Amino acid sequence: MANDVWVVVEHESGQPKKISLELLGRAGQLALALGGKAVAFVPGRDVSAVARALGPYGADIVYTAQDPLLEPYTADAQTQVVGEALRKEQPTLVLIGSTAQGRDYAPRLAARLGAAIVTDCASLEVDNSSLVATRPMYTRKAIGTVMYASEGIRIAVVLPAVYPVPQADPKRTAEVRAMRIPLDAKQIRTKVHEVQAIKRETVPLTEADVIVSGGRGLRGPENFALLDALAKALGAAVGSSRPPVDSGWVPHDYEIGQTGKTVSPQVYLACGISGAPQHLAGMSGSKHIVAINKDPNAPIFQLADLGIVGDLFEILPKLTEAVKKAKGGNRD
Ligand SMILES: Cc1cc2nc3c(=O)[nH]c(=O)nc-3n(C[C@H](O)[C@H](O)[C@H](O)COP(=O)(O)OP(=O)(O)OC[C@H]3O[C@@H](n4cnc5c(N)ncnc54)[C@H](O)[C@@H]3O)c2cc1C
């Protein structure tokens, strides 16, 4: 068994996703502590551009596995290809992003390999040659510390934005090795008929550095325009709590929380959101939390670094104007 640390890379349009670069940065540090190499594994149809992009972010070796059956993504094909690669190379640790895909296939992969798995990792450390992970539990009311007991392949499904994207070093290159992994089409039991991409003008929520988020306090779909204007001025993404989604004011992909997305931006601005545990489950990992709420006793203020007690309908337009002014001009 090698002391290598692997990252299973997710990619889109020939580019690695931000989460995979975050994991690669951490893989480099862990590999150093464990005396192994940082290895990126890139499955897909044609992944040569993705593979080339990974050396500057810290990959020592990049394995590619190319097959038309790997795109569009299905859990069966992904489990087959990643499982075979791991069986062959036996790294000590595999990092997988806690994304829709990662959460879908990682437990299946662990069951196939008989590997230990920790999901929702918020940190991963080497402690006296043991691997220790922390993970939020009970809608983030507690943080669990978990030690891997097994000696075999260990899998960590890591939350987005807990590690920074490493600084790219354009001079650094990785050795790219093509792996031949024949896939059995009969074992792919699902067929993707259509992929409908959700078009958003702003960066995706899970990749945004700044998020402005609205709750029931916005009172109606038309008032999300206030958040859109502020987000545009800040270069932020717009999210929401669950009631605006349930009421059909915004699409489902806006939802943040236990049944929505988990985000960890640098700044999270909660507007007219009370701070229910199910909402906090998706955003309490944000670096700085700012809340606007007219109720001084709203639970969100217990978590917020900065709280504004007041009417969001008065505050948001003024805030947008102030941001535009500070940035030196109109961004309309
Ligand atoms: C199984 C389960 C899963 C769930 N999953 C999620 C989830 O993933 N995400 C999620 O968000 N919720 C989730 N919920 C719902 C959650 O329990 C709360 O009901 C929800 O988060 C409340 O949303 P809110 O804060 O927008 O609304 P409310 O709790 O109604 O709060 C609205 C806030 O707006 C303030 N306000 C009103 N008017 C103004 C104004 N003019 N100016 C300033 N402030 C104003 C009020 O003071 C209030 O604090 C889940 C619930 C269950 C049972």
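Predicted model: local features only at pLDDT ≥ 70, side-chain atom pairs only at ≥ 80, totals over all residues.
Visitor: Why is Thr-134 called buried?

Guide: The relative accessible area of Thr-134 is 19%, and the word buried applies under 20%, so Thr-134 falls on the buried side of that cut-off.

Visitor: How do you know that the side chains of Thr-134 and Ser-123 make a polar contact?

Guide: The distance given for the two side chains is 2.6 Å, and a polar contact requires a pair of N or O atoms within 3.5 Å, so the pair of Thr-134 and Ser-123 meets the distance limit.

Visitor: What is the area buried between domain 1 and domain 2?

Guide: The domain assignment gives domain 1 as residues 5–187 and domain 2 as residues 205–326, and the area buried between domain 1 and domain 2 is about 850 Å², with carbon and sulfur atoms giving 49% of it. On the side of domain 1, Lys-18, Thr-139 and Arg-140 lose the most area to domain 2, together 60% of what that side buries.

Visitor: How many salt bridges and how many residue pairs in polar contact are counted between domain 1 and domain 2?

Guide: Between domain 1 and domain 2 there are zero salt bridges, whereas two residue pairs are in polar contact, both at pLDDT 80 or more.

Note on methods:
Residues numbered from 1 in each chain as written. Heavy atoms only, no water. Buried < 20%, exposed > 50% of the residue type's maximum accessible area, 1.4 Å probe, protein only. Polar contact = N/O pair within 3.5 Å; in protein donor to acceptor, adjacent residues only side chain to side chain. Domains from an automatic or database assignment. Buried area = accessible area lost by both parts, 1.4 Å probe. Salt bridge = Lys/Arg side-chain N within 4 Å of Asp/Glu carboxyl O.
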